[in-house]
Amino acid sequence: MFRRLHEGATPLPFTFEGEAVEGREGDSVAAALLALGHDATRETGVSGAPRGPYCMMGVCFDCLVMIDGVGNRQACLVPLRAGMEVRRQRGRRKAGA
Amino acid sequence: MKRLSDVASLREGYDLAIIGAGPAGMAAAATAGGRGLSVLLLDENPGLGGQVHRGVEASPLAAVPALANVPGAGRALAQAAARAEVEFLPGATVWHLDAARRIGVSAGGAARMVVARRVIIATGALERPMPIPGWTLPGVMSVGAAQTLLKAQGLVPEGRVVMAGSGPLLWLYAAQLVAAGHPPALLLDTTPRANWRAALPHLWDFLRSPYAAKGAGLLARVRRGVRVVSGVASLAIRAAPGGLEVAWPGGTARADRVLLHQGVVPQTNLAQAAGCELAWDKAQACFVPRTDGWGETNLPGIAIAGDTAGIAGAEAAEASGHVAALAALHALGALDGAARDAAAAPHQAARARWRRGRAFLDALYLPAPGFRVAPDEAIACRCEEVTGAALREAVRLGATGPNQAKAFLRCGMGPCQGRMCMLTVVETIVAARGVAPGTIKPLRIRPPVKPVTLAEIAAMDSTEAERAAVEGR
Amino acid sequence: MTRAFDIAVVGGGIVGLAVARGLAGRGLGVAILDEGDVARRASRGNFALVWVQSKGLGMARYGAWTTGSAALWPGFAAALRAETGQDVSLAQPGGYSLCLSEEELDRRRAAMMRMHNQPGWEPIPWEVQDHDRIARAMPGLGRDVVGGVFCPLDGHVNSLRLFRALHASALARGATYLPDHPVRDIAPLPGGGFRITTAQGEIEAGRIVLAAGLGNAALAPMVGLTAPVRPQRGQVLVTERTAPFLPHPVATLRQTDEGSVMIGDSKEENPVDEAVGPGVLAAMARRAARMFPVLGGLNIVRSWGALRVMSRDGFPVYDESETAPGAFLVTCHSGVTLAAAHSEVLAPMIAGGGLEDSVAAFSARRFDVPSAA
């Protein structure tokens, strides 16, 4: 779990795995998920092993999630927006999603 | 600074394109702006700062008294860049660069190709991989990642935090956690004791460098507030009920989060894709692009500034950004040779000052071979889940370097394009073969250096000949 | 001390390894002389089709040779698996050439007809199918596809696993793999055999097989042979791993067993290097997205360029030296499709008495005769 040192930023509602949750203005999607206690944000397409954000700078591709129906997005690079639907990337992406 | 919001607002061509808005890129923009040239600054992040000054423009730490000085370091530079007469496209992924200085840029799901008369690559550094068993488990992150969360979102890890590794950033972040009132439970220092012998000859230069003053208090502050175990020679992490367990010779510890770090290395993928030559740097144990004093590479019109040209730290990166921009201004006819040299002199002196102490840090914090080579059971390539054992099997089959190993095992074929594995693969192969890393060429990198959609690539122009090469059957 | 082998194979790509494996299987002491980690390796850049439908216009014998190799492939793949544990993921579900205009389809159909009307042609099954028929077999087919050619013999493999399996099989059969041994010179010895000068010293071999791809052009004259081969660049785009959605390979587009979609249908003559260019990649991407629009949203994670090894007429060259007995030449641009034939048919010929009449049509002597076409 990560804790916010400062609670001033505007709350942003979004959903993770269909559940209504909240991040903050200025969060990346990955930061918001980590602040909510979600360390495992994908299952790999090779072995299905759970993974989560590792580098937070767009390099490692371990924070891949599905955002608004589009798979394999780098959660650490996508700024959180209100109303986003975020899901774990489970295995290989499906063409068209 | 004119902030652009999409690739549609880019011009077709620029006099100068600067790729990366960290200290080197911001400095280059500040120097190059306002000289009557068209200058484009590109960065993947939403704002200026790069990784080291992440969040500098709107830091959540400004409201946290104990850490309010953290964003201070890059503020003046960011303000100088923001005042500069340049165009800045944040949130932009640069996925193509070639010797003709064509730059493939993608933002918000749309791509464009722009051409620049001069290019300064300032893609910075990334953390050296630390291929220990369990480093892919959820809950294990790099120290740099945790610090990004601190700088950009004001987030600190809760629960039992174990930090492990070596290098200045490890101690800096530990000190920041101490200051924030959330000290880590344990710091496992993997700095090899034998490194002191190699570092001592550089101690005098270090003590005269600005690094000494910066670093001295840091270690003391951390040691006062955190349990530190020194001389840790190996590490493994495994999942345990309700969390993680870290094991080292002589101890184990439960952890809610493990943060790993063992220094930084140049982020060279874009330079490699363009065709810049690299050479193995023994002192830093990584590949470094060949550049001259102005940052010029083997490719005409393409220069490299900052840590991409060899790790020297943020201050030296800033100085080299100014120097590279002055060289570009001269090449573009905006500055004569004498003016360039005069303007560059103070920056070159500053760069030398900061570099002076670097040899000591390089020698002291060079990770032990055991932390650079993947053990059998550890994953070397995170994307394709290739282990140290698989790499040794590939060597047995005849692989002599990372390119053949990639063909055998797919290591380096995933979306990260070898960023997270190339050094581990190279060091594991040379250790298995008993040869020096300098005898091996790096992984061949081709565009796109970051994933872009097929539709974005399809939107690029083709000449008649290029179309005929595909359709002329 | 000079190392001595029964036979040396120059070239450690798919062609050289397939031949070396076959030779080692006949009990010969084989050395595979290869370049290093960085080399012009067509084997690392191939498209991995086991492809029949378009092979043989201009040389009927090549059609039969190709069809024969495709038929050998299931047994070849099974043997590789038994010897190395590597599953090369052979699938031969039949494949398509897709056409994006009536004109393209007419051209394709005419070429197929001409091929099948050649004297000596051994018939293969194929048919032209229209959009709707193909769409039933290939869901997600783009509206722009007017039709195509289907051949039930076509298939594909995992070519990187094939590359690795050939290495492992050759080693398991006792071959010696010598990387970082580029060949500088070959000298036939007076009493028979060859002295081969490499970057790492000299090697002696009773016989020698040149399977060095484009490198053959320079090596062949050293043993009294000619290898009229030229580089032709091909570029390939590769998507992220995706759940299976393309049940058949297409000549220019296939989904691997690991999930990536490979896209490649460029041919560039006189290339200066193996670089990729955004213009060609874009043209390929546009055609691929017209064939299967869903591809447009997939991420491209890699691209590459590689040099095809093209002979003057595009067909393989298999030859045996008259002036330097025991020297052989093997070169082609369809090393994956022909791997089974190279390993199971050609190599035994080389190990035995020499090239047989069944492959005489592939001699470079064909280029000495003025072409009627």
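Here is a short tour of an interface and a sheet.

A: Happy to! This is a predicted model, where local features need pLDDT of at least 70, side-chain atom pairs count only at pLDDT 80 or more, and totals for chains, interfaces and linings use all residues. Residues are numbered from 1 along each chain as its sequence is written, with chains lettered from A and ligands numbered from 1 in the order in which they are written.

Q: How many residues of chain C are in contact with chain B?

A: Contact means C-beta atoms, placed from the backbone, within 7 Å. Here 44 residues of chain C meet 38 residues of chain B. Helix 7 of chain C gives the largest share of chain C's side, 12 residues. Helices (H or I, at least four residues) and strands (E, at least two) are DSSP runs, numbered from the N terminus.

Q: How do strand 24 of chain B and strand 16 of chain C pair?

A: Strands of a sheet pair through backbone hydrogen bonds, either parallel or antiparallel. Pairing requires at least two DSSP bridges. In this case strand 24 (residues 452-453) of chain B and strand 16 of chain C are antiparallel, over two bridges, and B:Val452 has C:Ile300 as its bridge partner.

Q: Which strands stand at the edges of the open sheet in chain C?

A: The three strands are ordered 4-6-5, with antiparallel pairing. Strand 4 (95-99) and strand 5 (127-130) of chain C are at the edges, each with a single partner strand, so one side of each lacks a neighbour in the sheet. Strand 5 of chain C joins strand 6 (residues 147-151) of chain C through four bridges, with C:Val128 opposite C:Val149.

Methods. Contact = placed C-beta atoms within 7 Å.
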